[in-house]
Amino acid sequence: MTKVQELAKMIDHSILHPTFTDKDLREGCEIARKYNVASVCVKPYMVRDAVELLKGSAVKVGCVIGFPHGNSTTGVKVHETLEACRDGAEEIDMVINIGKALQGDLAYVENEVKAIADACHAHGAIVKVILETDFITDNDLKRALCRACSQAGADYVKTSTGYGFVKLPSGDYNYAGATIPDLLLMKESVGEGVKVKAAGGIRNLDQLLAVQATGAARCGATATPAILEEAVKRFGES
């Protein structure tokens, strides 16, 4: 496998913006097929169409659950998960209940993740758990959440949705997305066999390489063509 192919297989190409239409889905799946990325990550109603569009390729179809705020009940998230799996999703990116996490209710988070992980695994799918690290400033809590997700059967823990903007005292909004310190912390905190996914703000090759250097296995991206074309130029491969 060349370096470019290796990097491509780190990427989950995201097709998640609320304004995206069926046309955007077709274009996104064409990009994913062209660059042979790991997966596409799509909105729930798009799963069936994405499966059809990517038929015959090695690109997997993933789906977000409880996205982007994580506020649905556990039962609703499980229902969403089962429907996505029946529609052909092989990967599920779920958002935890962020309010419960922030108040330290780790039992709630662990039980919810377990319910969704069990539903995924029963259908041969994997689950990536989005912590939304922009909202969580306490590193001890991040570590505890990684442990809880690991104990619950998560396959990955993931930094962000890409939509977790925090209002600052100045009135401005801050969005850090995936940061190297968070990725290193998460990598150190997960259980054996649990992987880490970066998402949020990875828009160029150097950023993807920095993510890879932390040991993270996947990266959500919308700038897939720019990243991989830059990789072809730098490494002289395809």
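This report walks through a predicted model, starting with its barrel and ending with a few individual residues.

## The barrel

Let's start with the sheet. Eight strands form a closed barrel with parallel pairing, in the order β1-β2-β3-β4-β5-β6-β9-β10. On average, neighbouring strands in this sheet are turned by 25° against each other, direction ignored.

As a bit of background, strands of a sheet pair through backbone hydrogen bonds, and the pairing can be parallel or antiparallel.

Strand β2 covers residues 39–42 and strand β3 covers residues 60–65; the two pair in the parallel sense, with four bridges between them. If you want a spot to look at, find cysteine 41, which stands opposite glycine 62 in β3.

Phenylalanine 67 and proline 68 are joined by a cis peptide bond, with omega at about 0°. Proline 68 sits in the loop between β3 and α4.

## β4, covered on both faces

How many of the five residues of β4 are buried? The count is five of five, so to speak a mostly covered strand. Both of its faces are covered: Glu91, Asp93 and Val95 are buried on one side, and Ile92 and Met94 are buried on the other.

Strand β4 (residues 91–95) is joined to β5 by five bridges, and the two run parallel. Two pairs let you line them up by eye. Methionine 94 has valine 129 as its bridge partner in β5, while valine 95 has isoleucine 130.

## β5 and on to β6

Strand β5 (residues 126–130) is mostly covered as well, with four of its five residues buried. Take lysine 128 as your guide here: its bridge partner in β6 is tyrosine 156.

Together, β5, helix α7 (residues 139–151) and β6 make up a right-handed β-α-β unit.

The loop between β5 and α7 is where you'll find glutamate 132. What is the phi of glutamate 132? It is positive, at about 55°, although this residue is not a glycine. Glutamate 132 has a relative accessible area of 1%, and because anything under 20% counts as buried, this residue is buried.

Now over to α9 and α10. Helix α9 (residues 205–213) packs against helix α10 (residues 224–235) at an angle of about 85°, and their axes are 9 Å apart. The two helices are therefore roughly perpendicular to each other.

Which residues make the contact? From α9 they are Leu205, Asp206, Leu208 and Leu209, and from α10 they are Ile227, Glu230, Ala231, Arg234 and Phe235. Sorted by class, the contact of α9 with α10 has six nonpolar and three charged residues, and no polar ones.

## Residues around α2

Aspartate 24 is part of helix α2 (residues 22–35). Is aspartate 24 buried, or partly exposed? Its relative accessibility is 24%, so it counts as partly exposed. Leaving out residues up to four places away in sequence, aspartate 24 touches Ile15 and Thr19. If you jump 114 residues along the chain, from aspartate 24 to aspartate 138, the C-alpha atoms are separated by 37 Å.

Asparagine 36 lies in the loop between α2 and β2. Asparagine 36 has a positive phi, near 50°, in a residue other than glycine. With a relative accessible area of 36%, asparagine 36 is partly exposed.

Methods. Residues numbered from 1 in each chain as written. Predicted model: local features only at pLDDT ≥ 70, side-chain atom pairs only at ≥ 80, totals over all residues. Heavy atoms only, no water. Axes fitted to C-alpha atoms, helices over the stretch in contact; angles between N-to-C directions. Parallel < 35°, antiparallel > 145°, perpendicular 65-115°, else oblique. Contact = heavy atoms within 4.5 Å. Nonpolar A, V, L, I, M, F, W, Y, C, P; charged D, E, K, R; others polar. Buried < 20%, exposed > 50% of the residue type's maximum accessible area, 1.4 Å probe, protein only. Pairing = 2+ DSSP bridges. Right-handed = clockwise from strand over helix to strand, strands pointing away.
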